[in-house]
Amino acid sequence: MGMSEFYGSADEDEAIATIRRALDLGIDFIDTADMYGPWTNEKLVGRAIADRRDEVVLATKFGNVRGDNGEMLGVRGDPDYVRRACDASLERLGVDHIDIYYQHRVDPEVPVEETVGAMAELVEQGKVRRLGLSEAAPETIRSAHATHPITALQTEYSLWSRDPEENGVFDTIRELGIGFVAYSPLGRGFLTGRITKPEDLPEDDSRRSGYFPRFERENFQRNLDLVDHVKEIAAEKDVAPGQLALAWVMAQGDDIVPIPGTKRRQYLEENAAAADVELTPDELERIDEAAPVGVPVGERYADMSVVHV
């Protein structure tokens, strides 16, 4: 996402080099969405993997509707939109199938059975291999899964976004055998310790826009306490704070896959090395005490009506 929009400017050549370096490191799960850019990130990913498609588990998403000027126009999950969105994503990506196709946000105006029914048709046609949901509530997950097997649920999860532990999401997907994809596992970069004040972010960065309340000045300063705890434990282990945060996510279950975003090879390699960080039971307990459910100040989004639907 950040390679095309939201987190300040990006270098397309470096972005493509970063994706290709990920493949060199054995990272084979690439996640994008039609709304990123909008519409440009899928093209970038497509160019990056054009000669290495067989090495990639490719995921993209539909449902968040953007206008020609990038404006947010709401959520759609009606069958006609599902079909048209998939065809457009396939063309932009330059591929003949999508490995995991997510409904990016649940459309509250359309029964999820209708949306997933249309997605299931894409599987039958060979355009999509497996289906996913993002930010769906337990009953929505159950209804969708009863219509067609859901392979993955993608929802924000990190040391400062632990809601799935308490809102029934983890219980539901584990009962149904659905995998969990943790987006923003570094708290939109906050847990790396590199952001110490709002001014550290570019002026055109969406984290300064009010869209993410945890980055607003008063909340920001209070949330730094969590980062300080992460940095302290990370220093004792001689790892980067972000590596500790990613290792914690991976330690929460073999069914959890974090997808940290980055725009640069340097940080990609740092993130990848988190797979080798092992946390002891005592360290996990210390981290849990430092970052319990509900500790961050501020909502994840300014408009929470579109998540956990």
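Residues are numbered from 1 along each chain as its sequence is written. In this predicted model local features need pLDDT of at least 70 and side-chain atom pairs count only at pLDDT 80 or more, while totals for chains, interfaces and linings use all residues; side-chain values use heavy atoms, without hydrogens and water.

**Exercise 1.** Compare the radius of gyration of the protein with that of a compact globule.

Solution. Step one: the radius is taken over C-alpha atoms, and the globule rule is 2.2 Å times the number of residues to the power 0.38. Step two: for 309 residues the rule gives a value near 19 Å. Step three: the protein has 19 Å, so the two agree. Along the principal axes, the C-alpha atoms fill a box of roughly 55 × 40 × 35 Å.

**Exercise 2.** Describe the lining of the second largest pocket.

Solution. Step one: on a 1 Å grid over the protein atoms alone, a pocket is an open set of points with protein on both sides within 12 Å along at least five of seven lines, whereas in a cavity a 1.4 Å probe fits but cannot get out; lining residues have an atom within 4 Å of a point. Step two: this pocket has a volume of about 180 Å³, volume being the space filled by probe spheres set on points joined across faces, edges and corners. Step three: α3 (79-93) and β3 (64-66) each supply at least two lining residues, and the largest share, five residues, comes from α3.

**Exercise 3.** Which residues line the largest cavity?

Solution. Step one: the count is one cavity of 30 Å³ or more, and the largest holds about 40 Å³ of space. Step two: Glu156, Trp160, Arg188, Phe212, Arg214, Phe215 and Arg300 form its lining.

Technical notes: Helices (H or I, at least four residues) and strands (E, at least two) are DSSP runs, numbered from the N terminus.
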